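Trainee: Please take me through this model. I would like to begin with the side chains and then turn to the sheets.

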Protein chains: 4
Amino acid sequence: MSEMPVFGAGIWHFATYKDRYATDGYGPPVGLLEQIDKAGAVGDLSVVDLNWPFADFGGSLDDVKAALERNQLRAVAITPEIYNRDYVKGSITNPDPAVRAQALKLLNEATELAKELGCDYVKLWFGQDGWDYPFQVDYHDIWKLAVDGLRELVGAHPEIKFVIEYKPREPRNKIIFPNAARTLIAIQQVGLDNLGILLDFGHSIYGLETPADAAQLCIDAGRLFAIDVNDNFRGWDDDMVVGSVHLVETFEFFYTLRKNNWDGVWQLDQFPFREDSVEAAKAAIRFLKALHGALDALDEQALREAQASHDALAAQRLVQDVLLSSMARMTESQDVNA
Amino acid sequence: MSEMPVFGAGIWHFATYKDRYATDGYGPPVGLLEQIDKAGAVGDLSVVDLNWPFADFGGSLDDVKAALERNQLRAVAITPEIYNRDYVKGSITNPDPAVRAQALKLLNEATELAKELGCDYVKLWFGQDGWDYPFQVDYHDIWKLAVDGLRELVGAHPEIKFVIEYKPREPRNKIIFPNAARTLIAIQQVGLDNLGILLDFGHSIYGLETPADAAQLCIDAGRLFAIDVNDNFRGWDDDMVVGSVHLVETFEFFYTLRKNNWDGVWQLDQFPFREDSVEAAKAAIRFLKALHGALDALDEQALREAQASHDALAAQRLVQDVLLSSMARMTESQDVNA
Amino acid sequence: MSEMPVFGAGIWHFATYKDRYATDGYGPPVGLLEQIDKAGAVGDLSVVDLNWPFADFGGSLDDVKAALERNQLRAVAITPEIYNRDYVKGSITNPDPAVRAQALKLLNEATELAKELGCDYVKLWFGQDGWDYPFQVDYHDIWKLAVDGLRELVGAHPEIKFVIEYKPREPRNKIIFPNAARTLIAIQQVGLDNLGILLDFGHSIYGLETPADAAQLCIDAGRLFAIDVNDNFRGWDDDMVVGSVHLVETFEFFYTLRKNNWDGVWQLDQFPFREDSVEAAKAAIRFLKALHGALDALDEQALREAQASHDALAAQRLVQDVLLSSMARMTESQDVNA
Amino acid sequence: MSEMPVFGAGIWHFATYKDRYATDGYGPPVGLLEQIDKAGAVGDLSVVDLNWPFADFGGSLDDVKAALERNQLRAVAITPEIYNRDYVKGSITNPDPAVRAQALKLLNEATELAKELGCDYVKLWFGQDGWDYPFQVDYHDIWKLAVDGLRELVGAHPEIKFVIEYKPREPRNKIIFPNAARTLIAIQQVGLDNLGILLDFGHSIYGLETPADAAQLCIDAGRLFAIDVNDNFRGWDDDMVVGSVHLVETFEFFYTLRKNNWDGVWQLDQFPFREDSVEAAKAAIRFLKALHGALDALDEQALREAQASHDALAAQRLVQDVLLSSMARMTESQDVNA
């Protein structure tokens with residue numbers, strides 16, 4: 001069996017959530033250090049992505065570092081919170097120049113923290129940058145603000161990578177970076193090598209993309225810097241546990257990564273609103289390990305031949321052979337190891 | 001011009017909101033009395049639908065009554081909050097019998113309040129009753145809990161009406177009452193005359209229904225007890241201002257109500273996350289008044305003839321004639337009145 | 001291992017297709033007898049559903065019977081073609097009474113043929129009965145025509161079953177029987193015991209239903225007379241090969257059928273536009289056999305316990321254990337038999 | 001009032017259609033010359049887009065030219081039929097090199113015809129180039145074939161423009177050019193000035209884009225060579241009559257074109273399956289003329305101010321003022337002219 005990938009998770013996976021109905025939350029608040037301890041309790045996670053500013057956190061950065069260390073976790077990324085109350089009409093595309101400046105200040109500070117923590121990248125998710133209504137914005141102007149803001153931020157920190165996590169919508173009805181191709185155009189206009197894409201499988205699949213195709217496009221452009229996985233019902237970002245619905249397309253996504261020798265973190269972006277967060281992460285990783293074994297077992301040569309003639313049935317047969325044996329294979333392998 | 005309808009709104013229209021990203025809210029909290037004052041400030045609203053328990057409210061019921069009175073508002077309905085933390089896995093369908101009992105207790109108390117306030121109905125919105133994952137629930141069992149719970153509640157209060165507000169999803173990935181037909185089946189199984197439907201235009205349109213057709217179905221069954229209006233992009237419950245996107249279908253919806261002599265409240269269920277709530281209500285009512293005038297101007301006889309041969313083009317022409325003159329007509333009418 | 005189900009297919013599975021672009025077809029025409037021979041060549045099919053009138057067929061009914069016999073196939077159903085040129089504005093709901101009469105005549109003749117062939121049911125698919133544009137029809141009137149037409153047809157043939165195959169849309173933008181609940185309401189209004197539902201998995205899943213839940217609803221009403229399976233990307237009736245996308249939900253669908261001791265035909269409704277039709281059927285049945293074995297292996301007791309507390313993660317684990325071992329299990333079982 | 005735009009239509013607007021159910025067509029066939037005469041009968045059309053090879057046409061090119069002339073029509077474009085039986089697995093991305101060569105031959109011939117007819121551009125619609133199933137194709141390889149094929153074709157004809165009409169899906173489940181951004185990336189990789197985009201409003205809106213935003217993106221890249229309009233229910237390419245559903249977004253689309261001084265043809269791509277084709281075109285143009293008048297009346301300065309602060313409500317009010325008076329305005333203007 002080939003070497004296991006590095007598994008990671010957004011630290012928010014271990015928080016509790018609010019929404020517009022359950023405004024008192026889906027459970028009692030979980031503090032940052034407790035979130036980190038829960039991430040550690042999963043057992044297979046090596047890295048986490050941290051929101052910043054640390055929400056409702058009274059401790060010091062050393063407390064955070066200690067919590068990471070005792071759980072053998074590394075901060076792979078910082079996700080600046082440019083989508084809360086101050087930024088509900090946008091961060092770098094906010095119509096108010098003062099808010100744009102405030103957003104850039106926050107982004108710069110988050111970047112300094114990322115450097116200090118030795119992160120691989122700063123994650124930019126522009127969930128509030130976009131529009132809700134027809135005729136609300138001038139599309140030329142808002143796009144220019146986005147590209148200019150990115151250039152200013154990313155250009156100021158050549159020593160660390162930045163990734164844009166695109167998403168079709170939510171919380172804005174339309175987000176300015178909705179899919180891979182549009183985001184690549186922005187990256188090209190920014191013109192800096194340290195800006196790339198974080199491809200979230202769920203965002204891709206409900207945004208009408210084929211995630212494996214979107215990944216290939218980003219890889220061919222040299223810009224697939226990171227990925228997140230989760231699942232949904234193809235109409236919204238449900239952030240369900242990986243492998244709940246789209247088993248074949250998740251498998252195809254990871255097949256495409258392997259085929260291109262992409263070796264980044266297999267990272268979870270799940271929102272287990274009503275589930276135990278540690279168990280939800282374990283369930284995801286159990287499935288991902290089964291997928292990983294299925295990749296080892298896949299007859300890649302035969303698959304390439306099927307694809308050379310666009311033979312869908314032959315390809316599906318090869319895939320089902322290994323995917324629908326993957327859990328049996330894992331169990332056997334564990335028996336052998338036991 | 002025919003008499004104007006009674007306009008109403010859910011009181012939450014005048015609150016501020018949270019979601020899973022902007023957990024600190026889209027603005028500073030607005031207390032209940034202030035919400036009522038804002039509803040009054042709209043100028044055209046006669047009734048409001050009140051959530052209960054009153055959120056973060058330290059005052060007395062008399063305070064609420066006084067606030068309503070000073071704004072010349074009447075409570076048309078109570079919406080019990082059976083979708084917050086205690087009920088995230090369901091209210092009357094919760095797997096835990098203790099939670100089901102707690103939900104029923106809350107529902108009964110809310111009903112008593114509705115009676116005391118002279119409301120027309122209690123609104124039941126089962127946003128947390130449903131499922132998120134394949135294989136999560138036994139569909140027979142959960143449906144039976146829903147019907148039994150409804151019968152117990154509604155049967156205990158024959159002197160007041162209850163309405164189910166159906167919705168395809170959110171916050172649960174799948175809600176147990178997703179559309180009009182399914183809800184009518186439940187109502188039939190419950191077998192009580194005082195249980196009907198609140199049809200939310202937005203829920204209907206993003207649930208793949210034709211709202212006017214759903215309204216007709218409910219009317220023919222004698223169960224269209226109330227309606228809400230708003231708008232969306234047909235993929236989610238965006239709760240946008242009425243008339244933002246689906247002008248023709250909104251017009252058809254109200255045409256169907258008039259054709260059937262349905263004379264209930266024209267009620268707003270909008271969530272102006274980033275807009276001034278009073279202005280958002282005014283914008284909606286301005287459009288609804290224009291629609292109302294267009295209904296007066298519509299050549300109903302000619303429309304019925306077009307429909308008798310399913311002549312879409314003739315019908316569209318008649319509709320455009322009045323809809324695309326509706327604002328001009330309103331302006332003229334106001335000039336005359338001035 | 002439990003006994004295998006009876007497998008069937010719509011005979012159109014083995015035809016070639018046209019659409020609005022490839023008006024010259026996705027391949028050379030395949031005559032009816034050749035279609036039947038192809039169905040026979042699959043090897044696992046026992047029954048077929050036949051369109052009528054037989055398209056472009058110059059032979060006799062005896063020719064058809066002989067072809068069925070030599071392929072050891074039985075006609076399980078007749079599907080009357082009430083959706084071609086004569087009926088593009090509807091069959092039993094057509095605005096023209098003469099066309100409605102013509103449709104009923106065709107339906108009655110098709111029913112006589114179904115009786116002569118010993119079919120289990122006549123399948124009614126009202127793909128052209130509905131509307132395309134807002135304001136095109138009077139929803140009350142069109143619904144009444146549908147219910148009255150059904151009553152006249154079904155009431156005239158108490159000795160055979162009829163099924164309505166519901167579908168959200170295509171070819172009409174909106175079809176009058178779009179989902180299970182709405183169809184059950186029609187059936188109830190018709191008030192005859194020999195009218196039920198054919199639930200097409202693909203129609204259900206792209207119509208926002210949970211197919212297993214829709215099946216349970218129909219079963220609880222005593223009206224699940226038949227099923228079809230296929231797959232799609234949840235936005236359109238792609239009629240892809242079973243098991244291409246929604247493995248878990250397909251499994252849940254068949255689990256629900258077994259749990260309720262439903263023992264009808266497992267029937268394919270696939271449109272292999274660009275694939276070899278015999279191979280497409282074989283691929284589907286291979287997957288369905290794996291599913292069938294997975295049902296045998298599933299720990300039903302444990303699943304019921306997980307569902308009793310709505311424990312999605314426990315349920316998913318049990319499902320993945322058997323689904324993701326299903327192909328390995330089938331291979332082993334065949335080795336043993338060899 | 002500003003000068004009216006040039007109106008055009010795809011000639012297929014005046015044909016009859018088939019689909020996978022009504023394989024005998026939605027009406028009797030309409031020959032090419034009759035289609036052209038119907039286009040002429042609309043009265044407001046100046047240009048048409050012609051499919052080639054001319055379907056079921058026994059006449060000469062001179063016959064076509066004469067028909068155009070007698071109807072005062074010009075051929076604005078040729079649309080080569082690279083999506084019928086020979087190309088159901090793709091044209092320039094077909095897995096078979098012989099089919100790719102055949103497609104290029106057809107495309108070159110179509111281009112020569114376009115030059116001879118003095119067309120503005122050749123329209124490339126790759127409806128069969130893509131995939132249906134997960135794992136069916138190698139995404140890197142198919143994309144390369146697309147870009148290389150485009151470069152070979154477009155590079156050979158520098159004296160005429162080519163446009164790619166992107167579309168998310170249909171007939172392939174996934175089309176290789178699904179949206180504006182992805183298509184712009186291909187155009188950039190091709191690297192030739194005479195290759196641009198035809199933006200179809202309906203494709204854009206059901207592909208999750210905001211059409212006005214997509215138009216702005218293409219304009220800013222200097223690549224918006226042509227547009228088509230129609231309407232749909234945002235889930236499929238229904239090709240309904242313009243103005244049936246999305247009035248506001250259609251208005252915003254044309255506002256964006258005017259704002260950028262884009263002065264191309266306002267072209268119809270409608271499929272009136274069950275409607276009179278001449279009347280369907282007239283209905284569309286009637287609405288478009290009303291929109292055109294509304295653009296004249298719009299307070300652009302006030303709108304820009306509203307957009308400068310992302311004030312959705314102010315923008316909607318300005319838009320409703322003119323859109324919902326547009327038919328009254330047109331009627332008055334015609335009275336004046338009469």
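Trainee: Is B:W266 buried or exposed?
Mentor: B:W266 counts as buried, at 7% relative accessibility. The term means under 20% relative accessible area, with exposed over 50% and partly exposed in between (1.4 Å probe, protein chains only).

Trainee: And how should I read the numbering and the values?
Mentor: This is a predicted model, in which local features need pLDDT of at least 70 and side-chain atom pairs count only at pLDDT 80 or more, while totals for chains, interfaces and linings use all residues. Residues are numbered from 1 along each chain as its sequence is written, chains are lettered from A and ligands numbered from 1 in the order in which they are written, and side-chain values use heavy atoms, leaving out hydrogens and water.

Trainee: How many aromatic pairs are there over all chains?
Mentor: There are 74 aromatic pairs. Rings of Phe, Tyr and Trp (its six-membered ring) pair if their centres lie within 6.5 Å; planes under 30 degrees apart count as stacked, over 60 as edge-to-face and the rest as tilted.

Trainee: Why is the pair of B:F254 and B:W266 stacked?
Mentor: Because the planes of B:F254 and B:W266 are at 25 degrees, with the ring centres 3.8 Å apart. B:F254 belongs to helix α8 (residues 247-259) of chain B and B:W266 to strand β10 (residues 266-268) of chain B, so the pair ties together parts that are twelve residues apart in sequence. Helices (H or I, at least four residues) and strands (E, at least two) are DSSP runs, numbered from the N terminus. B:F254 is also buried, at a relative accessible area of 1%.

Trainee: What kind of aromatic pair do C:F271 and D:Y21 form?
Mentor: An edge-to-face one, 6.3 Å centre to centre with 70 degrees between the planes. This pair crosses between chains: C:F271 sits in the loop between β10 (266-268) and α9 (277-297) of chain C, and D:Y21 in the loop between β1 (7-10) and α1 (32-42) of chain D. Both C:F271 and D:Y21 are buried.

Trainee: How many residues does each of chain C and chain D bring to the contact?
Mentor: The contact takes 42 residues from chain C and 42 residues from chain D, where contact means heavy atoms within 4.5 Å. The two chains bury about 4000 Å² between them, 53% of it on carbon and sulfur atoms. On the chain C side, C:R20, C:Y21 and C:R274 lose the most area to chain D, together 23% of what that side buries. Buried area is the accessible area (1.4 Å probe) that two parts lose on being put together, summed over both.

Trainee: Changing topic: what is the strand order of the open sheet in chain D?
Mentor: The order of its eight strands is β9-β8-β6-β4-β3-β2-β1-β10, with parallel pairing. β9 (224-228) and β10 (266-268) of chain D are the edge strands, each pairing on one side only. Two strands pair if DSSP finds at least two bridges between them.

Trainee: How many bridges join β4 of chain D to β6(D)?
Mentor: Four bridges join β4 (residues 121-124) to β6(D), and the two run parallel. Opposite D:Y121 stands D:K161 in β6(D). β6(D) also pairs with β8(D) in the parallel sense, over four bridges, and there D:V163 has D:G196 as its bridge partner.

Trainee: Why is β6 of chain D largely enclosed?
Mentor: Because four of the five residues of β6 (residues 161-165) are buried by the rest of the structure.

Trainee: And D:G90, which residues does it touch?
Mentor: D:G90 touches D:V99, D:Q128, D:D129 and D:R172, not counting residues up to four places away in sequence. D:G90 lies in the loop between β3 (74-80) and α3 (97-116) of chain D and counts as buried, at 0% relative accessibility.
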